[in-house]
Amino acid sequence: MSTNNLHSSVPSEILSQALTEYCDYGTLARLSCVSRMYKDIVRDAASNKLELAVSYLEGRDGLAVNYVMAVRYLKELVDDEATESVSRAKAIHMLAKCYLAGDGAEQDTAAGIQLLEDGATSTTLLDTECAHTLANLYENGDYGVELCPEKAAHWFHYAADLGHVESMTEYALHLELGVGVEQNDSEALNWYLKAANAGHVEANYSIGECYEEAKGVPLDHSEACLWYFKSASKGCNDSVKALERLSDVARIVLPGFGRILEA
C-alpha cells in the first residue's frame with residue numbers, strides 16, 4: 001500500500017495519536033520532510049512547544065541540540081498571552097537564560113534581566129524561579145552582571161515571600177551576615193525556621209548554629225543538638241561534625257546519637 005493510500009485510509013486523529021505515542025521529536029521532524037501530507041499531523045503531534053523547546057535545548061527525544069530552534073519556540077510562547085501561565089513562566093525563565101548565555105540568540109544581558117523581572121513581577125505569573133535567578137545573578141556577578149548585594153537580598157526576599165524555599169535560606173544568610181540588608185539575627189532565624197519547616201535540610205543546621213552561638217536566641221547547646229540531629233540524620237555532614245563537637249551534650253539529649261556518628 002502506498003503512503004498516500006495509507007494516509008487516506010486512516011483517520012487523521014488516529015494517525016496523529018499513533019505518531020505522538022510512538023515517535024520521538026526527531027522522527028517526527030524527519031517524517032514531515034518525507035511527505036508534505038504529514039506536516040499538519042506532525043505539527044499537531046508536536047504542539048507542546050515548551051516540551052519541544054526543552055528537547056532542542058538538551059538534545060533529547062531524537063533531536064540534536066539546536067539553540068536557535070529552542071529560542072524560536074520559547075519566543076512564541078512568551079509573546080502569546082494566551083499561553084497557560086505556568087508554561088509561559090517557564091518559557092520566560094528559559095528564554096532569559098538563553099539571552100544571558102548567548103545561546104540561540106545574540107548575548108544580551110539587559111534583555112535577559114528584563115525578562116526575569118517580567119516573569120517575577122507579572123501579576124499573572126509571580127514566578128519564583130525568575131526572582132531566584134535574578135538574586136543569584138546579582139550575588140555572583142554572572143554574565144557580566146554587576147555585583148550588588150542589595151539587589152541580591154531584595155530578590156531573595158521577594159522569592160522567599162512567594163514560597164521559594166532555597167531563597168528563604170539565602171535571604172536568612174544575608175540577614176545573618178548583614179550583607180545587602182541590616183544585620184538581624186532574630187529575623188534570620190525566622191527565615192531559617194520557615195525553610196526548615198518547608199523541608200530544607202541545611203536550614204536545620206543553621207538553626208542549630210543559632211542556638212549554639214546565641215544568635216537571635218539564648219545560648220542552648222541542648223536545643224542546638226536537636227536541630228543538628230535533624231539535618232545529620234538526613235545526610236548533612238556539617239551537622240555530624242557539630243554533634244561531634246558537642247558530643248558531651250549530644251549523648252545526653254540524643255539517645256540515638258552514636259548511630260549517626262557510626263554512619
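## Basis of the model

The model is predicted: local features require pLDDT of at least 70 and side-chain atom pairs count only at pLDDT 80 or more, whereas totals for chains, interfaces and linings use all residues. Residues are numbered from 1 along each chain as its sequence is written, and side-chain values rest on heavy atoms, with hydrogens and water left out.

## Overall make-up

The chain contains 17 helices and 0 strands. Of the 263 residues in the chain, 43% are buried. Here buried denotes under 20% relative accessible area, exposed over 50%, and partly exposed in between, with a 1.4 Å probe and protein chains only.

Contacts are defined by heavy atoms within 4.5 Å. Among those in the chain between residues at least 6 apart in sequence, 43% join residues at least 24 apart.

## Helix H12

Helix H12 comprises 13 residues (185–197); at 1.5 Å a residue it should span 18 Å, and its end C-alpha atoms are 18 Å apart, which agrees. The expected span is 1.5 Å times one less than the number of residues. The buried residues of H12 are Ala188, Leu189, Trp191, Tyr192, Ala195 and Ala196. Viewed down the helix axis, these buried residues fall within an arc of 165°, so they line one face of H12. The arc is taken from the directions between the helix axis and the C-beta atoms. Their packing partners are helices H10 (149–161), H11 (165–177), H13 (201–212) and H14 (221–232).

At the N-terminal end, asparagine 184 caps H12, with a side-chain oxygen 3.2 Å from the backbone nitrogen of serine 186. After the helix comes glycine 199, whose phi is positive, near 105°.

Glutamate 209 belongs to helix H13. This residue is buried yet has no salt bridge, and the nearest side chain of opposite charge, lysine 215, is 5.6 Å away. For such charges, Lys and Arg count as positive and Asp and Glu as negative, while His and the chain ends are not counted. Not counting residues up to four places away in sequence, glutamate 209 touches Glu176, Ala214 and Tyr228.

Lysine 215 does pair with glutamate 176, in a salt bridge of 2.9 Å, N to O. Glutamate 176 lies in helix H11 and lysine 215 in the loop between H13 and H14, so the pair ties together parts that are 39 residues apart in sequence. Glutamate 176 is buried, at 11% relative accessible area, while lysine 215 is partly exposed, at 22%. Lysine 215 also forms a salt bridge with glutamate 213, their closest N and O atoms being 3.1 Å apart. Glutamate 213 is partly exposed, with a relative accessible area of 41%.

## Other salt bridges

The structure holds 7 salt bridges, each defined as a side-chain nitrogen of Lys or Arg within 4 Å of a carboxyl oxygen of Asp or Glu. One of them joins arginine 60 and aspartate 61 (3.6 Å, N to O). Arginine 60 is partly exposed, at 37% relative accessible area, and aspartate 61 is likewise partly exposed, at 31%. Elsewhere, a network of salt bridges links Lys49, Arg72 and Glu76.

How values were computed. Helices (H or I, at least four residues) and strands (E, at least two) are DSSP runs, numbered from the N terminus. A polar contact is a pair of N or O atoms within 3.5 Å; within protein, one must be able to donate a hydrogen and the other to accept it, and residues adjacent in sequence count only if both atoms are side-chain atoms.
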